[in-house]
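Dear colleague,

Please find below the structure for your review. My notes on the findings follow directly after it.

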Amino acid sequence: MSTTITPGTPAPDFAARAAGRGRVTFVRVLRAEWIKLRSLRSTFWVLVAAVFVVIALGLLVTSGTVDRWPDTGAAERARFSAPNASLTGLYLAQLAIGVLGVLVITGEYATGSIRATMSAVPHRLPVLWAKAAVFGAVTFVLMLVTSLIAFLAGQAVLSKEHIDVALGDPGVPRVVVGVALYLAITGILAIGVGAVVRNAAGGIAIVFGLLLVLPQVVQALPTAWQDHITRYLPSEAGQAFTRWHPSADALSPNTGITVFALYAAATLAAAAVLLRRRDA
Amino acid sequence: MITAEALTKRYGPKTAVEGLSFTVRPGVVTGFLGPNGAGKSTTMRMILGLDRPTSGSVTVNGRRYADHPAPLHEVGALLEAKAVHTGRSAYHHLLSMAATTGIPTRRVHQVIRMVGLDEVARKRVGGFSLGMGQRLGIATALLGDPATLVLDEPVNGLDPEGVLWIRTLLKSLAAEGRTVFLSSHLMSEMALTAEHLIVVGRGRLIADTSVADFIAGAAPDQVRVRTPDADRLRALLFGPEVRIATEERDVLEVSGVSSDDIGRIAAAHGITLFELVPHRVSLEEAFMESTRDAVEYRVGGPSVGTGATSAGTGPNTRPRTGPRTRGRAA
Ligand SMILES: Nc1ncnc2c1ncn2[C@@H]1O[C@H](COP(=O)(O)OP(=O)(O)O)[C@@H](O)[C@H]1O
Ligand SMILES: [Mg+2]
């Protein structure tokens, strides 16, 4: 009699391959968030619009300045900042970046894709860091190029009245880079706000409130308090870094941008705590 | 292998899942059956670490989901149709999921072909039908070639061809030795796809049994009796194992007594019968029956959940006489 050897069920492919492959690493999460950011058409168009607006507004404001320059009084001439005039678009760009930052995270909650995201990265926090890093970096690079173009175009316009400055002049590089840095931090702050409220409308309202409404509210306070408070408001602190001639009431450029970055960091930290605690 | 131990989830005052314990074994398709609101989706979200259990625990292959270093290779999930950003294409959704765990683009194309989405893979998911969304969900679940699949209502919105496709796919995946756990509120679907059943109602376990046993246990045969003497016959048939429902004034739906016995009793008491029709309870009715006390949302009255035939006929259909002997089968 021969013994029959029953072949054991061969270990399935998937079991063999499961061992040691496909660890979730931060670099991989970064790559995933980069794919997500570049694969939404709406994001692409808002960014294009932001680039366009910053350059166009710079041309508009500098042309207006050149137009009126012969009639401009000495006091106003002294206050004029050629680099900031060409970068006026910052005030509109911050709204676009703020909205996009909120949508980067709330869009996932609104569509339910946050569940797919969190099932792929169950530790969750890498997703938040990666979103902030990718959106912050994309905003910084894109807005740095935009800022440079707007600056050069604006100075070309201003040169008709010989009131332009060169990129190498003292304090000018800080302004050009500062615009991009301010916008990148705005984007990260917006992601933090979005992750806390998980709702697009609410998130956008809060970001606009922080950047635009809060300074107005403080204007209504007694003058004695205003000076102490205003300079510490997020947008005031951050924009101190972007002004060629820092105003006397404002924080110094370096302190200002640090305070602004701390606001963003604190918001992101609050978002991280909630992200760990709440159901996805 | 999925193991839940005394799993409980409360949302504020609302208890969605209560003390649920079960094991889902590899090699067979296990159905997770329960009426809407029974806590199936909540349980599945807890399996995937998306919702935190209020108490109790659930593990996949011996570890909490989040403790697996490569979760997409361990568990593939279809949570709800189109858990995808509506502005993104199917291809980019899969590509971003794949990127988190280093799955090559080749595999993304492979799963797209597998679920038949080649034509629309580059289109925005926002324009997808529910069925296409389900196919994309399946593709996402299969991406990491996982040994365990957790699918929440995967046949929802699929056309008959799609339903057949998914049934065959799930069975073949189970036959390969994988753990396949899928939820549905449709018993008929489960009977065709699953071998094992975990039945829940109002967040509690009702049955953990093979499909065959569940049908046998939960479905008493019924006899339809039409007689002008319905009230008298009802009194004569009354007993602890007997349930009688009235659909029309002169019609009784009797379970717990055979048609032979009803005929004999009627003859012995001189009751005229116009109809005496034994019929097997459908799978759907068996399921309705077992979860009758556990249905959360009812339409039109307290007894609509007892069968498709009585749906929408008003609050007074099928009043239950006789004691409720069934309820918790497990
Ligand atoms: N996030 C939530 N917040 C509050 N209640 C919830 C939440 N998720 C589910 N529920 C409630 O828990 C119960 C179970 O829901 P669910 O798990 O979706 O059931 P099923 O998937 O079986 O239809 C329902 O009553 C539902 O309303
Ligand atoms: Mg559900």
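Between chain A and chain B of this predicted model, the count is 1 salt bridge. Its partners are Asp279(A) and Lys9(B), whose closest N and O atoms are 2.8 Å apart.

On the side of chain A that touches chain B, the elements giving two or more residues are α1 (13-18), α2 (26-38), α6 (90-111), α7 (113-120) and α13 (253-277) of chain A. The largest share, 7 residues, comes from α7(A). By class, this side of chain A has 12 nonpolar, 10 polar and 14 charged residues. In total, 36 residues of chain A are in contact with 39 residues of chain B. The size of an interface is often expressed as the accessible area lost when the parts come together. Here the area buried between chain A and chain B is about 3200 Å², and carbon and sulfur atoms give 57% of that area.

Turning to charge pairing over all chains, the structure holds 16 salt bridges.

- Arg226(B) and Glu275(B) meet through their side chains in a salt bridge (2.8 Å, N to O). Because Arg226(B) lies in strand β10 (residues 222-226) of chain B and Glu275(B) in strand β13 (residues 275-279) of chain B, the pair ties together parts that are 49 residues apart in sequence. Arg226(B) is partly exposed at 26% relative accessibility, and Glu275(B) is partly exposed with a relative accessible area of 23%.
- Arg64(B) forms a salt bridge with Asp67(B), with the closest N and O atoms 3.3 Å apart. Arg64(B) is partly exposed, at a relative accessible area of 49%, and Asp67(B) is partly exposed, at 37%.
- Arg264(B) and Asp261(B) meet in a salt bridge between their side chains (2.8 Å, N to O). Both residues lie in helix α10 (residues 259-268) of chain B, 3 residues apart, about one turn of the helix. Arg264(B) counts as exposed at 55% relative accessibility, whereas Asp261(B) counts as partly exposed at 34%.

In chain A, salt bridges that share partners join Glu33(A), Lys36(A), Glu108(A) and Lys131(A) into one network.

Most residues other than glycine have a negative phi. His162(A), however, has a positive phi near 55°. His162(A) is found in the loop between α8 (125-158) and α9 (172-197) of chain A, and His162(A) is exposed, with a relative accessible area of 69%. Ala6(B) likewise has a positive phi, of about 45°, although it is not a glycine. Ala6(B) is found in strand β1 (residues 2-11) of chain B and counts as partly exposed at 40% relative accessibility.

Finally, there is the annotation. In an unreviewed entry, UniProt lists residues 44-66, 86-107, 128-155, 175-197, 204-225 and 256-275 of chain A as "transmembrane region". In the model, residues 175-197 of chain A are 100% helix and 0% strand, with the end C-alpha atoms 32 Å apart. Residues 204-225 of chain A are 86% helix and 0% strand, with the end C-alpha atoms 28 Å apart.

With kind regards

Terms used. Residues are numbered from 1 along each chain as its sequence is written. Chains are lettered from A and ligands numbered from 1 in the order in which they are written. This is a predicted model: local features need pLDDT of at least 70, side-chain atom pairs count only at pLDDT 80 or more; totals for chains, interfaces and linings use all residues. Side-chain values use heavy atoms; hydrogens and water are left out. Contact means heavy atoms within 4.5 Å. Buried area is the accessible area (1.4 Å probe) that two parts lose on being put together, summed over both. A salt bridge is a side-chain nitrogen of Lys or Arg within 4 Å of a carboxyl oxygen of Asp or Glu. Helices (H or I, at least four residues) and strands (E, at least two) are DSSP runs, numbered from the N terminus. Ala, Val, Leu, Ile, Met, Phe, Trp, Tyr, Cys and Pro count as nonpolar, Asp, Glu, Lys and Arg as charged, and the others, Gly among them, as polar. Buried means under 20% relative accessible area, exposed over 50%, partly exposed in between (1.4 Å probe, protein chains only). UniProt positions are given in the numbering used here, feature names are shortened, and annotations may be inferred rather than shown by experiment.
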